[in-house]
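Take a look at the model below.

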Amino acid sequence: MMDYENLLSIAKERRSCRRFKPDSIPDDYVKKIIDMARWAPSGANSQPWEFIVVKKKDLRQKISQFVKDFISIYYKLEHTREPALRFPSLTGPVDKIGYEDAPVFIILCGDRRTIEAYPRYTAAEISEEILESSLANAFLYMQLAAGVLGLGSQWVSAVRMWYVQCLIRDLLGIPDEFVIYDMFVVGYPASKPKPRMVRNREEMVHEDFFDKDKLRSNAEIKEFISALRKGRTYSEMGSKRSSQIDS
Ligand SMILES: Cc1cc2nc3c(=O)[nH]c(=O)nc-3n(C[C@H](O)[C@H](O)[C@H](O)COP(=O)(O)O)c2cc1C
């Protein structure tokens with residue numbers, strides 16, 4: 001059972017970091033992170049991944065600027081939602097993004113041509129989902145590796161937005177056959193992550209059949225999201241559902 005406990009503590013310690021020290025990290029750590037990703041499961045073992053390791057400061061600054069420009073327009077969308085559900089970090093234009101100082105950005109790309117490896121029925125219907133799931137696995141493995149190396153990492157999805165993606169493709173010369181999945185930002189953490197809310201196992205497990213008593217209402221889902229935004233537990237919000245704060 002010791003192995004399980006070790007694995008669980010690695011999973012618990014893997015946290016998103018959103019502020020980084022500018023200090024560089026050893027190249028060996030970058031190699032180790034990517035080595036780990038190579039072992040991730042992928043659809044039909046297609047291994048669609050390519051890793052663009054961006055260390056040059058001017059390139060990192062340009063990428064950060066593309067994201068800031070994007071947010072400076074699109075933050076307005078957050079204002080179309082009810083206040084409790086808004087993303088606190090996206091309620092206005094941003095001058096500085098937390099990861100701007102991080103020393104390494106890794107753009108994870110996927111080669112769409114590897115879809116050929118899948119059985120025909122999946123290739124016809126769910127190929128994009130399988131490609132994406134495979135890339136997500138690689139990404140998660142990278143996060144786990146960074147965590148045990150004492151580094152912080154952030155999962156940045158904004159690079160996939162069409163505007164940002166086109167600019168990054170042009171900047172880094174990414175061929176059309178490749179999708180940009182997400183950007184893995186890594187460095188030494190400049191702050192400790194806040195405790196996180198984790199749903200309890202009992203409320204999400206269904207024995208043999210879907211237990212309708214556990215079906216969350218629309219209001220409860222909203223309450224849950226609102227609690228997440230505030231970093232609170234359900235019970236602090238007076239809900240009958242349970243959750244735990246984990247740090
Ligand atoms: C598919 C996916 C996309 C994500 N995109 C972002 C992102 O764009 N920016 C960000 O800061 N975190 C992003 N995250 C990280 C989640 O917000 C984070 O994992 C979650 O809040 C739990 O916090 P933790 O990672 O510290 O446990 C993403 C995570 C996943 C799985």
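**A walk through the fold**

The protein chain has 7 helices and 6 strands. Helices (H or I, at least four residues) and strands (E, at least two) are DSSP runs, numbered from the N terminus. Along the sequence, their order is α-α-β-α-β-α-α-β-α-β-β-α-β. The radius of gyration, taken over C-alpha atoms, is 20 Å for the protein chain, close to the 18 Å that the globule rule gives for 247 residues, so the chain is as compact as a globular protein of that length. The globule rule is 2.2 Å times the number of residues to the power 0.38. The C-alpha trace spans about 50 × 45 × 40 Å along its principal axes.

This is a predicted model: local features need pLDDT of at least 70, side-chain atom pairs count only at pLDDT 80 or more, and totals for chains, interfaces and linings use all residues. Residues are numbered from 1 along each chain as its sequence is written.

The domain assignment, which is automatic or from a database, gives domain 1 (14–187) and domain 2 (196–246). The C-alpha centres of domain 1 and domain 2 lie 28 Å apart.

Now go inside. A residue is buried if 20 or more other C-beta atoms lie within 10 Å of its own, exposed if 12 or fewer, and partly exposed in between; C-beta atoms are placed from the backbone. Of the 247 residues of the protein chain, 23% count as buried. In soluble globular proteins, nonpolar side chains tend to be buried together. A nonpolar core is a set of buried Ala, Val, Leu, Ile, Met, Phe, Trp, Tyr and Cys residues joined through C-beta atoms within 7 Å. Which members of the largest nonpolar core touch the most others? They are Ile107, Leu108 and Val186, out of 40 residues. At least two residues of this core come from each of α2, α3 (57–74), β2 (104–111), α5 (127–148), α6 (162–172) and β4 (178–187). Helix α5 gives the most, with 9 residues.

Two residues are in contact if their C-beta atoms, placed from the backbone, lie within 7 Å. Leaving out residues up to four places away in sequence, Leu108 touches Trp49, Phe51, Leu135, Ala138, Phe139, Tyr181, Asp182 and Phe184. Among contacts in the protein chain with a separation of 6 or more, 79% join residues 24 or more positions apart.

Next, find the ligand. A residue is near a molecule if its C-beta atom, placed from the backbone, lies within 6 Å of it. The residues around the ligand are Arg15, Ser16, Arg18, Gln154, Trp155, Val156, Ser157, Ala158, Pro193 and Arg196. Strand β3 (residues 152–156) gives the most to this shell, with 3 residues.

Now pick out single residues. Ile34 lies in helix α2 (residues 27–37). It counts as partly exposed because it has 19 C-beta neighbours inside 10 Å. Ile34 and Phe139 are 105 residues apart along the chain, yet their C-alpha atoms are separated by 9.4 Å.

Finish in the loops. Asn45 lies in the loop between α2 and β1 (49–54). Asn45 is not a glycine, but has a positive phi of about 55 degrees. Is Asn45 buried or exposed? Asn45 counts as exposed, because 9 C-beta neighbours lie inside 10 Å. Asp208 sits in the loop between β5 (196–199) and α7 (218–230). Asp208 is not a glycine either, and has a positive phi of about 65 degrees. With 5 C-beta neighbours inside 10 Å, Asp208 counts as exposed.
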